[in-house]
Each structure stands twice: as structure tokens, then as C-alpha cells.
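Me: I am new to this structure and would like to understand the words used for it. Could you go through the terms with me and set each one against its definition?

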Amino acid sequence: YKIVQLTSAKQLYTEGMNMSHCVASYGYRCAAGELSIWSLRRVENGEEHPLVTIELSAQGRIVQMAQAFNESPNMFQTRLIQRWAKQERLCF
């Protein structure tokens, strides 16, 4: 598992398409520095599979997390994100 920042409009679009949610519409706010978007991914045979999209405020607070179709992350995914947030000194 790994968490990566999505830094381009193409990455946001691809994440939104793969996860069937509207994260692509956050591009302007990302470019303006209002927030950043991150993706929890499962790495399998060298391929990355998005599991949860994470919105992080400019102040370092996790604002929202969503699986495909805007479903809430499961407990395992939430624990992975909590561990990442603690390591990165983010507010959960």
C-alpha cells in the first residue's frame, strides 16, 4: 500500500474516472493551493490500484476520504490513512 499526491489535472481526472466520483472538479482549488488530493493505493504486481481518495486542506487537515462511488473507507483503509496522517503530522 502507498499514498501518493495527485498533482496534475490528468491524475485527478483518471482518479475520478477509476473511482466514479467528482475529484477531477477539484483541479482549480488544488492549483490555487487551497487543498491537495491524495490517493491510497494497493500495489500489486507493479500496478497501482486506487482504493481511497483523500482531500487534505492547506492547513494539513484531512477533510474527506472516499472510496469508489463516494463510499466511506473500510476500517483497514482508515487505519492505513490514520498511520500516514500521524507520520506526516496531519490532523485527522
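**Terms and values**

Reply: The protein chain has 3 helices and 4 strands, where helices (H or I, at least four residues) and strands (E, at least two) are DSSP runs numbered from the N terminus. From the N terminus on, these elements follow the order β-α-α-β-β-β-α. This is a predicted model, in which local features need pLDDT of at least 70 and side-chain atom pairs count only at pLDDT 80 or more, while totals for chains, interfaces and linings use all residues. Residues are numbered from 1 along each chain as its sequence is written, and side-chain values use heavy atoms, with hydrogens and water left out.

Me: Why is lysine 10 called exposed?

Reply: Buried means under 20% relative accessible area, exposed over 50%, and partly exposed in between (1.4 Å probe, protein chains only). Lysine 10, which has its place in helix α1 (residues 9-19), counts as exposed because its relative accessibility is 66%. Of the 92 residues of the protein chain, 37% count as buried.

Me: Why is glutamine 77 called buried, and which residues does glutamine 77 touch?

Reply: Glutamine 77, found in helix α3, has a relative accessible area of 6% and is therefore buried. Not counting residues up to four places away in sequence, glutamine 77 touches Leu40, Leu51, Val52 and Gln67, where contact means heavy atoms within 4.5 Å.

Me: How do you know that the count comes to aromatic pairs, and how many are there?

Reply: Rings of Phe, Tyr and Trp (its six-membered ring) pair if their centres lie within 6.5 Å; planes under 30 degrees apart count as stacked, over 60 as edge-to-face and the rest as tilted. By this rule the count comes to 2 aromatic pairs. Tyrosine 1 and phenylalanine 76 form an edge-to-face pair, with 5.3 Å centre to centre and 65° between the planes. Tyrosine 1 lies in the segment before β1 (2-6) and phenylalanine 76 in helix α3 (residues 75-87), so this pair ties together parts that are 75 residues apart in sequence. With a relative accessible area of 52%, tyrosine 1 is exposed, whereas phenylalanine 76, at 44%, counts as partly exposed.

Me: Why is serine 20 called partly exposed, and what makes asparagine 70 exposed?

Reply: Serine 20, in the loop between α1 and α2 (27-31), has a relative accessible area of 36% and is therefore partly exposed. Asparagine 70, in the loop between β4 (62-66) and α3, has a relative accessible area of 53%, so asparagine 70 is exposed. Phi is near 55° in serine 20, a positive value in a residue other than glycine.
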